[in-house]
Amino acid sequence: MDSPRTELILGGQKSGKSARAEQLANRWMRAGGERSAVLIATGLPADAEMTARIARHQQDRATRAPALQTVEEPRYLAEAIRRHSAPATLLVVDCLTLWLTHLLMPAQGDALAPDGITQAVGVLCDAVRQAPGPVVLVSNEIGLGVIPMGRDVRAFVDALGLLNQRIAAGCDRVSLMVAGCAITVKGGA
């Protein structure tokens, strides 16, 4: 595989992040051998709009990456990486933003405290670093605009920015998607 072992794909909403991750998975699987790819989906259908969004993503994946297997894990991401990673299996995590949302603003149960978030991010970073196979992670870059007015929204933007920084530090490549085009931020072409 000419791609790095780990890659973080960042971008805004509808920037092409998921499509890029699917392209990498397809390239991995076409490289020969007994290779496979597994998508770890973190979205939960909490309302009608999100249910429709998830269905649209599933349809798009079925067209763009039909051999990509899907498992759903909205909260226990490090465990899912450990369970599904193998030398001949590329994992795609889509997406870290929703995973963090489930920890900070769960639909049911209590939110993790800041120390719990820091610990969960550390455990996730360890799982990615220790994964025996390649891992591609997708996350939103939401810190490029104005500072949000609300305290909770500012806290989320800060937490996601710190999560992205920690994941990026451990990844071989970081790409930024802009209008469907990948810009390499770290790790060369």
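In helix α4 of this predicted model, the buried residues are Leu-96, Thr-97, Trp-99, Leu-100, His-102 and Leu-103. The elements that cover these buried residues of α4 include the strands β1, β4 and β5 together with the helices α3, α5 and α6.

**Nonpolar cores**

- The largest nonpolar core has 32 residues, and those with the most contacts inside it are Leu-8, Ile-81, Leu-96, Leu-124, Leu-137, Leu-163 and Ile-167.
- At least two residues of this core are supplied by each of the strands β1 (6-11), β2 (36-41), β4 (89-94) and β5 (135-140), and likewise by each of the helices α3 (77-84), α4 (96-104), α5 (114-130) and α6 (151-170).
- Helix α5 provides the largest share of this core, with seven residues.
- Apart from residues up to four places away in sequence, Ile-81 touches Ile-40, Leu-91, Val-93, Leu-124, Ala-127, Val-128 and Ala-131.

**Ser-139 in strand β5**

- Ser-139 lies in strand β5, and this serine counts as buried because its relative accessibility is 0%, where the cut-off for buried is under 20%.
- The side chain of Ser-139 makes a polar contact, at 2.7 Å, with the side chain of Asn-164.
- Leaving aside residues up to four places away in sequence, Ser-139 touches Leu-8, Ile-9, Leu-10, Gly-11, Lys-17, Leu-96, Thr-97, Leu-160 and Asn-164; two of these, Leu-96 and Thr-97, are also among the buried residues of α4.

**The sheet and a helix packed on it**

- Seven strands form an open sheet of mixed pairing, in which the order is β3-β2-β4-β5-β1-β6-β7.
- The edge strands are β3 (69-72) and β7 (181-186), each of which pairs on one side only.
- From one strand to the next, the twist averages 25 degrees.
- Strand β6 (residues 173-178) and β7 run antiparallel and are joined by five bridges; Val-174 has Lys-186 in β7 as its bridge partner.
- Helix α3 packs on the sheet, where it touches β2, β3 and β4, and the direction of α3 makes about 165 degrees with that of β4.

Notes: Residues numbered from 1 in each chain as written. Predicted model: local features only at pLDDT ≥ 70, side-chain atom pairs only at ≥ 80, totals over all residues. Heavy atoms only, no water. Core = buried A, V, L, I, M, F, W, Y, C linked by side-chain atoms within 4.5 Å. Buried < 20%, exposed > 50% of the residue type's maximum accessible area, 1.4 Å probe, protein only. Helix = DSSP H or I, 4+ residues; strand = E, 2+ residues; numbered from the N terminus. Contact = heavy atoms within 4.5 Å. Polar contact = N/O pair within 3.5 Å; in protein donor to acceptor, adjacent residues only side chain to side chain. Pairing = 2+ DSSP bridges. Axes fitted to C-alpha atoms, helices over the stretch in contact; angles between N-to-C directions.
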